[in-house]
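Please read the following report beside the sequence and the three-dimensional structure.

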Amino acid sequence: MYSIIGETVKALILAGGFATRLRPLSCSRPKTLFPIVNKPLLQWIFERLVHDGVDEAILAVNALTQFYIRQQKPPKCGLRVHFSIDPHKSPLGTAGPIRKAEKLLGHNEPFIVLNGDIFADIDYKKLIETHKKTNALATIALCRVEDPSRFGVVELCEGDCIKRFIEKPPKGQAPSNLINAGAYVLSPEVFGLIPEGRAVSIEREIFPQIVEAGRLVGCRINGLWMDIGKPAEYLEANKLLLDSISPTISKPQTSSAEIRLPVALDQGVVLGENSVIGPYAVIGKNVKIGKNVTITNSVVFSDAEIADDVQLHGVVVGEGAYIGRHANIGYGCIIADQAKVRENIYLRDGSTVCPAKEISENIL
Ligand code: GTP
């Protein structure tokens, strides 16, 4: 446990976006509450912040996200947690919420800002230390990825100063494999660069000014890093975490079904005879699975029910959703919370079903 004597370390978590790319799953839950191996992302974030000596978290959200977080109550893990709410109908973007939370963040110390939709093993202690050592205005966590063409890539100069950003460079043309990991340490002077009362993009409006001043520094991080912006990335984050914790997973005791590790089963899961669960299946609390069901590379949220003779591959099934007997669910389908797919229904690959919708005709 790390702590800086006499200093309160604060983190602002940006979680007020609309997660449009994760619809329809995000129609009924904010991205930061998506479960990653049966634990809300926000709880993973809190745990990591506390581990690195952070005392206070400020959640920059919209009113609906605040409602969901209050309802779900992820454990605060010892953090003091505050909300800072974007104005109704006027989301503030990725920098506006920093200015809005100026009083809560204070002017005494540098503070952390992170996207509430990244699942990452970021060493915040190292990030703060690097920031202080280099007299930076902003220090960005940089993650090395194989294919940087989907991300904001950085070009570094001496002393790990950031020279420029290139947004989504064409394949093979990126100046480095280092991308903006969505976590920063900022000095309070940055408040003065952010216009008040309107949406401001930190990537497009604020970082270029800090680059100009030569005070934007990169700090490489190792370890897991996943953005859960799209359904495929969300499944991949679960898969990567299952891989990384697989030595600690013991085979659940069940006589009825076959378990192929790595698999995560939450409490109260019921498994029917001759079912095969895994590899890469994450099954939430109180899920009921019938006979002859196969589930691989999928996430099933709590209280869902999968009837007999169903195969799920690369599928996400929302909370309380129901899949009827012998339904044929294509690869990559997304079934949102409380939706119902009747028996014998065919859903072609990549179909999506909205929350609480009942599907009684094939989607061809
Ligand atoms: P898409 O609509 O799918 O692009 O998702 P998003 O806008 O929710 O996420 P994006 O990756 O663009 O944003 C990065 C992080 O900033 C996410 O954790 C968002 O919740 C958060 N964020 C984005 N826009 C806002 C905003 O206007 N206000 C606040 N408070 N947070 C935001």
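## Basis

The structure is a predicted model, and the residues are numbered from 1 along each chain as its sequence is written.

## The largest pocket

The largest pocket holds about 1,500 Å³ of space. Its lining consists of 50 residues, and those that lie nearest the centre of the pocket are Arg21, Lys31, Thr94, Asn115 and Asp117. By residue class, the lining of this largest pocket comprises 21 nonpolar, 15 polar and 14 charged residues.

Several elements of secondary structure take part in this lining, with at least two residues each coming from helix H2 (63-72), strand S10 (162-167), strand S11 (178-186), helix H6 (202-212) and strand S13 (225-227). Of the elements, S11 gives the most to the lining of the largest pocket, namely four residues.

## The second largest pocket

For the second largest pocket the computed volume is about 440 Å³, and 24 residues line it, of which Arg29, Pro35, Gln72, Ser302 and Glu319 lie nearest its centre. Two or more residues of this lining are given by each of strand S3 (39-40), H2 and strand S21 (298-300).

Here H2 gives the most, with three residues in the lining of the second largest pocket, while H2 also supplies at least two residues of the lining of the largest pocket. The residues that line the second largest pocket divide into nine nonpolar, eight polar and seven charged.

Strand S4, which spans residues 56-61, is mostly covered, since six of its six residues are buried. The burial extends to both faces of S4, with Glu56, Ile58 and Ala60 buried on one side and Ala57, Leu59 and Val61 buried on the other.

## Pairing and crossover

Strand S1 (residues 10-14) runs parallel to S4 and is joined to S4 by five bridges; within this pairing, Ile13 stands opposite Leu59 of S4, a residue that is itself buried. S4 also pairs in the parallel sense with strand S5 (residues 80-85), over six bridges, and in S5 the bridge partner of Ile58 is His82.

Between S4 and S5 the chain passes through H2, forming a β-α-β crossover that is right-handed.

Definitions and conventions:
This is a predicted model: local features need pLDDT of at least 70, side-chain atom pairs count only at pLDDT 80 or more; totals for chains, interfaces and linings use all residues. Side-chain values use heavy atoms; hydrogens and water are left out. On a 1 Å grid over the protein atoms alone, a cavity is a set of points where a 1.4 Å probe fits but cannot get out, and a pocket is an open set with protein on both sides within 12 Å along at least five of seven lines; lining residues have an atom within 4 Å of a point. Grid points are joined across faces, edges and corners, and a volume is the space filled by probe spheres set on the points. Ala, Val, Leu, Ile, Met, Phe, Trp, Tyr, Cys and Pro count as nonpolar, Asp, Glu, Lys and Arg as charged, and the others, Gly among them, as polar. Buried means under 20% relative accessible area, exposed over 50%, partly exposed in between (1.4 Å probe, protein chains only). Two strands pair if DSSP finds at least two bridges between them. A crossover is right-handed if, with the strands pointing away from the viewer, the path from the first strand over the helix to the second runs clockwise.
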